[in-house]
Amino acid sequence: MAKIIEGVSRTFSEFLLIPRLTRKAQTPELIDLSAPVGSDSSATGLRFRINVPIVSAAMQSVTDSNLAIALARQGGLGFIFGSQDIGSQAAMVRQVKSHKAGFVSSDTNTKVGETLRDVIGLMKKTGHSTVPVTSDGTSQGRLLGIITDQDFWQHEDDLNSPVESYMTKIENVIFGEEGLSLKEANSLLHMHKKNCLPVIDKEGNLKSLVFKKDYEDHMRHPNELLDSSKRLCVGAALNTRDYQERAPKLVEAGVDVLCFDSSDGLSEYQKEGLDWVRNRFGQDVVLGGGNIVSKEGFDYLVSGLGVDFVKVGIGGGSICITREQKGVGRGQASALLDVVARRDEHFKNTGIYVPICSDGGLSNDTQIVLALAMGADFVMMGRYFAMTDESPSAKTSINGQIYKSYWGEGTRRAQNWQRYSDSVDSGELLFEEGVDAYVPYVGGLSEVLATTLKKIKSTMINLGADDLIELKDNAVLTLVSEQSIVEAGTSSVFQFTRNSELEASTWGENR
Ligand code: IMP
């Protein structure tokens, strides 16, 4: 007969944290948000750590190399999506590993003969106001000059004039020579009071640009996640069908962390895959498995040759319809609490600490901190990053509001990589487990993440915690009634929105 688990399946929004003693010595700058990803003989996980406890989902609409670079620069880790051919996924990993912090490839270029009107169109399209003029209009052509929005007056100058009449010609451009260090590049910018320094090779071809604003950004975010050779770190997803070809190519490209990406990790397919990768690469690669929602799932995955971390969560993702379609899943808070309890027992019995990632369904910053307090070492998010500038999808304006598209890996759009049909031989996607949607555009990743991290630190101070281990140890949670959820928002007041429309406040998302 079927068993029924005692208690109901709970979500994060049903819990609140009870404040503990805040100490005067606590300040946000002193709080340590680093977290283990590699399993180890202690919860400090020295084998592989991330500097902030946040990773991005391996999804087409979330993590390409651009987003992975932006997130690693802030101390987190991006997982490059696996629903693409092996060569292109490995190329994305390579792009992250070869990213030279501070040196960017110019994505807005023009050539002699183009008009001011063309340049203005280009600036509008990319949002960049510094445009190299190269022999062939590409980012690697011979540099002939630079034009910026300070070089012309859009409403005064003749927009049909050629770009060469307005650009700063190469003989007057301050540039760096290929091979110079970032420090040297920044000193040139400083010495010549410039905002942008083109870097060229001996033949005069453009190689990269260095911006003053990136230097300032780096000073504000000194948390970059770097490997021992000072390259940015990156993760990538594997599937249970082609890991024997995919994993070696990703390792060759320099990937730091691999993770099987499946909506249901309690499967023999996945165990075989984990064992194969571990056998082949030993401890050189940090390896994750999942997703699971029960003690049984945890025991099964750790009984193999050794996963480093496990991902918890089925059916909670914002674009996920797995629970509706198949009737499987579990409230994310219950799933997490159950798996964390088993992990802690496992640690006590074996001395091996297995980090846990809470994956999906986090709809605001409060829920991130709840997941961490409940025992997750780090969280994985899709929607959160899909909303930022750096995600791969295009912006769309709907009724004057800007949105970005966001679709699940289990949609037809994410094509037939069959993440959601491990047990189906035909390889054909029989039904969808995700939706194709839009999410509001929120701006640059670094600003959005900075706000989130400030809030997490602020809650940690409320709980008297200096690091994430203390957060878990100090956490005392209370279940809330439906009525107290209503009370948690503003009550019986009206708020003015920015455009002065009167609207009743709600207790919805706070991001
Ligand atoms: P979000 O942060 O709530 O948007 O959830 C992201 C997570 O949803 C991912 O990390 C995956 O675990 C999961 N996911 C991605 N695509 C799908 C899908 O098509 N159906 C169900 N879950 C998905």
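A residue is taken to be near a molecule or strand if its C-beta atom, placed from the backbone, lies within 6 Å of it. Of the 25 residues around the ligand, those that come nearest are Gly317, Gly382, Gly408, Gly410 and Gly434. The structure is a predicted model, in which local features need pLDDT of at least 70 and side-chain atom pairs count only at pLDDT 80 or more, while totals for chains, interfaces and linings use all residues. Residues are numbered from 1 along each chain as its sequence is written.

The shell around the ligand comprises 8 nonpolar, 13 polar and 4 charged residues. In this classification Ala, Val, Leu, Ile, Met, Phe, Trp, Tyr, Cys and Pro count as nonpolar, Asp, Glu, Lys and Arg as charged, and the others, Gly among them, as polar. At least two residues of the shell are supplied by each of β17 (378-381) and α12 (383-386). Helices (H or I, at least four residues) and strands (E, at least two) are DSSP runs, numbered from the N terminus.

A residue is buried if 20 or more other C-beta atoms lie within 10 Å of its own, exposed if 12 or fewer, and partly exposed in between, with C-beta atoms placed from the backbone. Helix α1 (residues 65-73) is mostly covered, with 8 of its 9 residues buried. These buried residues are Ser65, Leu67, Ala68, Ile69, Ala70, Leu71, Ala72 and Arg73. They pack against β4 (54-56), β5 (77-80), α2 (86-97), α12 and α13, where contact between two residues requires their C-beta atoms, placed from the backbone, to lie within 7 Å.

In helix α11, 9 of the 9 residues are buried, so α11 is largely enclosed by the rest of the structure. The buried residues of α11 are Asp365, Thr366, Gln367, Ile368, Val369, Leu370, Ala371, Leu372 and Ala373.

Two helix pairs were then examined. Two packed helices are described by the angle between their axes and the distance between the axes. Axes are lines fitted to C-alpha atoms, for helices over the stretch in contact, and angles run from 0 to 180 degrees between N-to-C directions. The axes of α11 (residues 365-373) and α13 (residues 445-462) come within 9 Å and cross at roughly 50°. That angle makes α11 oblique to α13; angles under 35 degrees count as roughly parallel, over 145 as roughly antiparallel, 65 to 115 as roughly perpendicular and the rest as oblique. The crossing of α11 and α13 is right-handed. A crossing is left-handed if the near helix is turned anticlockwise from the far one by less than a right angle, and right-handed if clockwise. Asp365, Ile368 and Val369 of α11 make the contact with Thr452, Lys455, Ile456 and Thr459 of α13. By class, the residues of this contact divide into 3 nonpolar, 2 polar and 2 charged.

In the second pair, the axes of α8 (residues 295-302) and α10 (residues 332-350) come within 8 Å and cross at roughly 45°. Helices α8 and α10 are therefore oblique to each other, and α8 passes α10 in a right-handed crossing. Lys295, Phe298, Asp299 and Val302 in α8 meet Asp338, Val339, Arg342, Arg343 and His346 in α10. The residues of the contact of α8 with α10 divide into 3 nonpolar, 1 polar and 5 charged.

The peptide bond from Gly290 to Asn291 is cis, with omega near 5°, and Asn291 lies in strand β14 (residues 286-292). Lys193, a residue other than glycine, has a positive phi near 50°. Lys193 is found in the loop between α4 (182-191) and β10 (196-200) and counts as exposed, with 8 C-beta neighbours inside 10 Å. Asn399 likewise is not a glycine but has a positive phi of about 50°. The loop between β18 (395-398) and β19 (401-407) holds Asn399, which is exposed, with 5 other C-beta atoms within 10 Å.

A further loop, between α5 (212-220) and β12 (235-238), contains Arg231. With 18 C-beta neighbours inside 10 Å, Arg231 counts as partly exposed. Residues up to four places away in sequence not being counted, Arg231 touches Lys97 and Leu226. Arg231 and Leu250 are 19 residues apart in sequence and 16 Å apart in space, C-alpha to C-alpha.
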